[in-house]
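Subject: Structure handover

Hi,

Here is the structure I promised to pass on. Please open it next to this email and follow along.

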Amino acid sequence: MKANKTINLSTKTNLLEQDLYEYKLQDVSQPELFREIFPYNEVPKVSYNYRHVPMDMPEHIYITDTSFRDGQQSREPYTTQQMVDLYKMLHRLGGPNGIVRQTEFFVYSKKDRDALERCMELGYEFPEITTWIRATKSDFELVKNIGIRETGILVSCSDYHIFKKMNLTRKQAMEKYLGVISDAIEAGLYPRCHFEDITRADYYGFVVPFATELMKLSKDSGVPIKIRACDTMGYGISYPGVSLPRSVPGIIYGLKHYAGVPSDMLEWHGHNDFYKGVVNASTAWLYGAGAVNCSLLGIGERTGNVPLEAMVFEYASLRGDFDGMNPTVITEIAEYLEKETGYETPPMTPFVGRNFNLTRAGIHADGIMKDPEIYNIFDTELILNRPPMVAISNTSGLAGIAVWINQYYGLKGAEAIDKKNEGVVTIKELIDQEYANGRITVISETEMIRYAEQYVFHRDVDYEDK
């Protein structure tokens, strides 16, 4: 550290501010594993030092996608056509303002390169196509020849990785990383540095000094260098006053304030191991990250990445509107992944699961019949092209049956069926008898169609149960 030399008037806060410290690399002989926080034989600890940093939401915030990279590491790989189809949907979802800003591809297999090239041929400005590669000159040339501008480069930053995985010292790791990144710049690429395992790293002993050197390299070369703060194990904590290395506000603030990383070069990449993926990503935005990295439906390593669809709604909640994004495409994407790739979305998944806006309780169905706003989180039919639904069981009541029929047949206004309809009453009696006889499953769609056709619309039908 060096003592402060200057006091300057900030054009942002209009206050005199001191640049207190310049953090230097601490090249320790033994790894710092933060055993008091990460004992391994116990649940990781959430410790506080009560240091608070200011929120600093950037003027522009974006979503980036890793469905074709991290998302493919945990499932059967997509086909070339599936990647092209999903890329088109990402383009439509992100809208004309490109809120879904980038998506990254692998480039090692012919299938991935074919998909990348076909997506490039579409000529979309957004999402911009980027890559993730190994830190080798041959990979740099491969990406450059394809015509990609930006590429991700892995730069692991915790001592778990530096000492235990790579068998290096911090000084050796930093020198290696800086050499590789310089090679990428020399090859004509914009590096995106993936600070792997940042929530277990010695923040002021390695992360900030390394980021500071990257900003110097960026200034000297004239090439923007992006930093992706990777919460690889999902250890990040959003609570105010939590100590580093787990503090998301502290990580983002420190990279901006002490290393000079501008918001548009700062990105958060989180995982969901402790159910904190979405809130950590939102917190990163709030404290100054310009982008959050996500995958479709959260599909990714172990417990998954931050779900892209969740951050679409976080964006609208924080900004007040979708800024040109088309959220109905989210429903199309979920249906496509299920039908075309065989992915089974857990039914309770927000926004995309089949039970997301479905109710089984009769009292809830009665409320939906009177006014959907009573039990629906927002106008899901307008925003997601998914009207509120009810499942029919022994708890659905007359109202649930009437709502199901109206929704399935699209009956509104004067055409809508009332819960006092004689046919609805008959259907309820038949269903009650089913459960009295020992049934435990919900009534199927085919059964409900048969009931409605016969007892409400009085039409002859011959449906077989699915």
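First, a definition: two strands pair if DSSP finds at least two bridges between them. Helices (H or I, at least four residues) and strands (E, at least two) are DSSP runs, numbered from the N terminus.

Some ground rules. This is a predicted model, where local features need pLDDT of at least 70, side-chain atom pairs count only at pLDDT 80 or more, and totals for chains, interfaces and linings use all residues. Residues are numbered from 1 along each chain as its sequence is written, and side-chain values use heavy atoms, with hydrogens and water left out.

**Overall**

The protein has 15 helices and twelve strands. Its C-alpha trace spans about 85 × 50 × 45 Å along the principal axes. Of its 466 residues, 52% are buried. Buried means under 20% relative accessible area, exposed over 50%, and partly exposed in between (1.4 Å probe, protein chains only). Contact means heavy atoms within 4.5 Å. Among contacts with a separation of 6 or more, 71% are between residues 24 or more positions apart.

**The barrel**

Eight strands form a closed barrel with parallel pairing, in the order β3-β4-β5-β6-β7-β8-β9-β10. From one strand to the next, the twist averages 25 degrees. Axes are lines fitted to C-alpha atoms, for helices over the stretch in contact, and angles run from 0 to 180 degrees between N-to-C directions.

Look at β4 (residues 100–105) and β5 (residues 128–133). They run parallel and are joined by four bridges. Gln102 has Glu128 of β5 as its bridge partner. Glu104 has Thr130 of β5 as its partner.

How many residues of β5 are buried? Six of its six are. In a regular strand the side chains alternate between the two faces of the sheet. In β5, Glu128, Thr130 and Trp132 point one way. Ile129, Thr131 and Ile133 point the other way.

Next, find α6 (residues 203–221) and α7 (residues 248–257). Their axes come within 9 Å and cross at roughly 45 degrees. The two helices are therefore oblique to each other. Angles under 35 degrees count as roughly parallel, over 145 as roughly antiparallel, 65 to 115 as roughly perpendicular and the rest as oblique.

On the α6 side, the contact uses Tyr203, Val207, Val208 and Ala211. On the α7 side, it uses Gly250, Ile251, Gly254 and Leu255. By class, this contact has six nonpolar, two polar and no charged residues. Here Ala, Val, Leu, Ile, Met, Phe, Trp, Tyr, Cys and Pro count as nonpolar, Asp, Glu, Lys and Arg as charged, and the others, Gly among them, as polar.

**Helix α8**

Is α8 (residues 277–286) largely enclosed or open? Seven of its ten residues are buried, so α8 is largely enclosed by the rest of the structure. Those buried residues are Gly277, Asn280, Ala281, Ser282, Thr283, Ala284 and Trp285. They pack against β3 (62–65), β8, α7, β9 (266–270), β10 (291–294) and α9 (308–319). Just after α8, Gly288 takes a positive phi of about 130 degrees.

**One residue to check**

Last, Asp112. It lies in helix α2 (residues 110–121). Asp112 counts as buried, because its relative accessibility is 7%. Leaving aside residues up to four places away in sequence, Asp112 touches Gln72, Met83, Phe105 and Phe106.

Best wishes
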